[in-house]
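I opened my notebook to look up a few things in one structure. My entries follow in the order I made them.

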Amino acid sequence: ASLSRLAVPFPIAIISMGATVVVAFVSVVINHISNRKHQLFYEKLRIYKAYVDIVSMSTESKSKQDKSGLRAKHISSKQELVLFAPKDIVELASRIEPLNFTDSGQTREEADKKYQEYLRMLNLMRIDLRKTNKRIMIEDLRKLLG
């Protein structure tokens, strides 16, 4: 007789099991979405770092660029950028093409304009990667990188 008083009524047991299943399912879905965002963050970070490395190598002499296979790396990097980066980053990247941050073959004004666009693109990459301090003043970037 004392066991029957302790037993949970059937409808309440079903409801509690159903709630547990729903909570577990929601937890799995949220975990999956979070994991995908995390993977995408690291993929974008890898792509952005590769592109920034290529921009850095574009300041070297033409012979060093040819020896390092920069052209093939650059094409591959641009393709990945197009696949993963938002439209505004791709548009800015197209404006600084062809990469040439040296003084050869372009006026100083053209080089400065490309460099300014590059600095804007770095800020957009930071925003895309969701940094809490999203923007850095262009003048600070110029001082740091120039």
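**Entry 1: a residue to start with**

Is arginine 95 buried, partly exposed or exposed? I looked up its relative accessibility and found 45%, so arginine 95 counts as partly exposed. I noted at once that the model is predicted.

Next I checked the partner of arginine 95. Glutamate 117 forms a salt bridge with arginine 95, and their closest N and O atoms are 3.4 Å apart. Glutamate 117 lies in helix 6 and arginine 95 in helix 5, so the pair ties together parts that are 22 residues apart in sequence.

**Entry 2: glutamate 117**

I stayed with glutamate 117. Helix 6 covers residues 108-128, and glutamate 117 is found there. Is glutamate 117 buried or exposed? Its relative accessibility is 11%, and buried means under 20%, so glutamate 117 counts as buried.

I then listed what glutamate 117 touches. Leaving out residues up to four places away in sequence, I found Leu92, Arg95 and Ile96.

Glutamate 117 has another salt bridge on my page. The side chain of arginine 120 meets that of glutamate 117 at 3.0 Å, N to O. Arginine 120 and glutamate 117 are three residues apart in helix 6, so about one helical turn separates them. Arginine 120 is partly exposed, with a relative accessible area of 39%.

**Entry 3: other salt bridges**

I wrote down a general point first. Side chains of opposite charge can pair when their charged atoms come close.

How many salt bridges are there in the whole structure? The search finds eight. One of them joins lysine 78 and glutamate 97, with the closest N and O atoms 3.7 Å apart. This pair links distant parts of the chain. Lysine 78 is in helix 4, while glutamate 97 is in the loop between helix 5 and helix 6, and they are 19 residues apart. I checked the cover of lysine 78 too: its relative accessible area is 30%, so it is partly exposed.

**Entry 4: the nonpolar core**

I moved on to the largest nonpolar core. It has 23 residues. Which of them touch the most other members? I noted Tyr48, Tyr51, Leu81, Ile89, Tyr118, Met121 and Met125.

Then I asked where the core residues come from. Helix 2, helix 4 (70-84), helix 5 (87-95) and helix 6 each supply at least two. Helix 6 gives the most, with seven residues.

Setting aside neighbours within four places in sequence, isoleucine 89 is in contact with Tyr48, Leu81, Met121, Leu124, Met125 and Asp128.

**Entry 5: a nonpolar patch on the surface**

I turned to the surface. Val22, Phe25, Val26, Val29, Ile30 and Ile33 make a nonpolar surface patch of about 550 Å². I followed up isoleucine 30, which lies in helix 2 (residues 10-57). Its relative accessibility is 54%, and exposed means over 50%, so isoleucine 30 counts as exposed.

**Entry 6: aromatic rings**

In one of them, the rings of phenylalanine 41 and tyrosine 42 have their centres 5.2 Å apart. Why is this pair edge-to-face? Its planes stand at 80°, and over 60 degrees counts as edge-to-face.

I looked up the cover of both residues. Phenylalanine 41 counts as partly exposed at 28% relative accessibility. Tyrosine 42 also counts as partly exposed, at 45%.

Methods. Residues are numbered from 1 along each chain as its sequence is written. This is a predicted model: local features need pLDDT of at least 70, side-chain atom pairs count only at pLDDT 80 or more; totals for chains, interfaces and linings use all residues. Side-chain values use heavy atoms; hydrogens and water are left out. Patches are made of residues with over 30% relative accessible area and no salt bridge: like charges are joined within 9 Å, nonpolar side chains (Val, Leu, Ile, Met, Phe, Trp, Tyr) within 5 Å. Accessible areas come from the Shrake-Rupley method with a 1.4 Å probe; for residues, only the protein chains shown count as cover. A salt bridge is a side-chain nitrogen of Lys or Arg within 4 Å of a carboxyl oxygen of Asp or Glu. Helices (H or I, at least four residues) and strands (E, at least two) are DSSP runs, numbered from the N terminus. Buried means under 20% relative accessible area, exposed over 50%, partly exposed in between (1.4 Å probe, protein chains only). Contact means heavy atoms within 4.5 Å. A nonpolar core is a set of buried Ala, Val, Leu, Ile, Met, Phe, Trp, Tyr and Cys residues joined through side-chain atoms within 4.5 Å. Rings of Phe, Tyr and Trp (its six-membered ring) pair if their centres lie within 6.5 Å; planes under 30 degrees apart count as stacked, over 60 as edge-to-face and the rest as tilted.
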